[in-house]
Amino acid sequence: MPHASAPLSLKLCDKDIDLNFLVVLASSRSNGNTAKLSKEIAESLHAQIVDLQELSISYFDYKSRNISDDFIPLVERMVLSDFVVFATPVYWYSMSAQLKTFFDRFTDLLTVNKELGRKLRGMPISVIATGTDAELPSSFTGQFELISNYLGLVYHDPLYCCCPDEFNPQQHQQAIQGFLGKIA
Ligand SMILES: Cc1cc2nc3c(=O)[nH]c(=O)nc-3n(C[C@H](O)[C@H](O)[C@H](O)COP(=O)(O)O)c2cc1C
């Protein structure tokens, strides 16, 4: 299904994949649980991680006075990918504020930068998340389904790792392999 060129071949779970993955990390900690999960996933997929903490992406502005911040360059990077994985902790039953701010800015792609927005249509995406509750709340998954539907993104099942303490990859190997097997 490659969405754009720049194919990359690697072996994963005994099958070849030729996809160019991008992980967008949206946590308040660049070395916390979600960052560690992102690293595991990115290493397996040979993907680049973009940390929103290192970018300047401001709140949606009705007057688009922020059009020169890092939002458009990140979307331009996304459209070069075949598959984008959003990584967020669960904060108050929802995605992180960083990721919500990023999605708010997608409004720019429906107004002042429609051409770039059109390039995102059909883009496969998924979500990887960490939290302390046993399961992802339906409010969390519902948001991504609705946003994907509206924007014409193809939403794949999320990976959730319940982390009562520090993220330990060994404890989530089965879930991680299951996730990778489905998207790659
Ligand atoms: C502000 C805040 C809100 C949180 N809300 C939830 C929540 O609603 N549900 C949940 O399961 N965990 C919640 N947690 C726990 C975090 O999701 C969990 O510790 C996560 O692994 C932290 O990831 P991070 O290290 O990337 O920030 C919350 C933590 C914080 C700091």
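1. The expected span of a helix is taken as 1.5 Å times one less than its number of residues. By that rule helix 5, residues 138-151, comes out as expected: with 14 residues, its first and last C-alpha atoms lie 20 Å apart, close to the 20 Å expected. This is a predicted model, and the points below should be read as describing a prediction. Helix 5 is followed by G152, which has a positive phi near 75°.

2. Which residues of helix 1 are buried? They are N33, T34, L37, S38, I41 and L45. Seen down the helix axis, these buried residues fall within an arc of 130°, so they line one face of helix 1. Their packing partners are strand 3 (21-25), strand 4 (48-51), strand 5 (83-89), strand 6, strand 8 (159-162) and helix 6 (173-183).

3. Strand 3 has five of its five residues buried, so it is largely enclosed by the rest of the structure. The cut-off for a buried residue is 20 or more other C-beta atoms within 10 Å of its own. Both faces of strand 3 are covered, with F21, V23 and L25 buried on one side and L22 and V24 buried on the other.

4. Strand 3 pairs with two strands described here. With strand 5 the pairing is parallel and runs over five bridges; F21 stands opposite F83 of strand 5. With strand 4 the pairing is parallel over four bridges, and Q48 in strand 4 is the bridge partner of L22. Strands 3, 4 and 5 are also among the elements against which the buried residues of helix 1 pack.

5. Most residues other than glycine have a negative phi. S64, in the loop between strand 4 and helix 2 (71-79), has a positive phi near 55°. S64 is partly exposed, with 14 other C-beta atoms within 10 Å. Y93, in the loop between strand 5 and helix 3 (97-104), has a positive phi near 65°. With 13 C-beta neighbours inside 10 Å, Y93 also counts as partly exposed.

6. Is Q173 buried or exposed? Q173, which lies in helix 6, has 11 other C-beta atoms within 10 Å and is exposed; the cut-off for exposed is 12 or fewer. Q173 and E40 are 133 residues apart in sequence, while their C-alpha atoms are 9.8 Å apart in space.

Conventions:
Residues are numbered from 1 along each chain as its sequence is written. This is a predicted model: local features need pLDDT of at least 70, side-chain atom pairs count only at pLDDT 80 or more; totals for chains, interfaces and linings use all residues. The arc is that of the directions from the helix axis to the C-beta atoms. Two residues are in contact if their C-beta atoms, placed from the backbone, lie within 7 Å. Two strands pair if DSSP finds at least two bridges between them.
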